[in-house]
Amino acid sequence: MSIQVNINTDGENDLRELGWTIPQYPKTGEVLFNDKPVGYMDNFSGLIVKDSMAIDWLKSKDLPNMAIWNIL
């Protein structure tokens with residue numbers, strides 16, 4: 001399972017405060033949640049999360065500045 005997350009800079013900062021490691025725009029690369037690789041960030045697709053625990057965590061939160069798309 002994977003999801004695409006549309007997120008802005010404020011949303012990225014919110015996730016960083018909650019234990020996520022996300023490359024600072026315009027950098028791209030691996031994304032970590034609690035020090036575990038869970039996906040990647042790029043400048044075309046945005047945040048892609050492939051780890052089911054991280055996906056469940058995101059779906060359970062009502063975070064502003066974030067929208068979950070393309071649940072595969």
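How many helices and strands does the secondary structure of the protein chain come to? The count is two helices and six strands, where helices (H or I, at least four residues) and strands (E, at least two) are DSSP runs numbered from the N terminus. Their order from the N terminus is β-α-β-β-β-β-α-β. This is a predicted model, in which local features need pLDDT of at least 70, side-chain atom pairs count only at pLDDT 80 or more, and totals for chains, interfaces and linings use all residues. Residues are numbered from 1 along each chain as its sequence is written, and side-chain values use heavy atoms, without hydrogens and water.

The C-alpha atoms occupy a box of roughly 25 × 25 × 20 Å along the principal axes. Of the 72 residues, 40% are buried, meaning under 20% relative accessible area, with exposed over 50% and partly exposed in between (1.4 Å probe, protein chains only).

Two salt bridges are counted, each a side-chain nitrogen of Lys or Arg within 4 Å of a carboxyl oxygen of Asp or Glu. One joins Arg16 and Glu12 at 3.3 Å, N to O. Both residues lie in helix α1 (residues 9-17), four residues apart, about one turn of the helix. Arg16 is partly exposed because its relative accessibility is 21%, whereas Glu12, at 8%, counts as buried.

The other joins Asp51 and Lys36 at 2.8 Å, N to O. Asp51 lies in the loop between β5 (46-49) and α2 (52-60) and Lys36 in strand β4 (residues 36-42), so the pair ties together parts 15 residues apart in sequence. Asp51 is buried at 13% relative accessibility; Lys36 is partly exposed at 37%.
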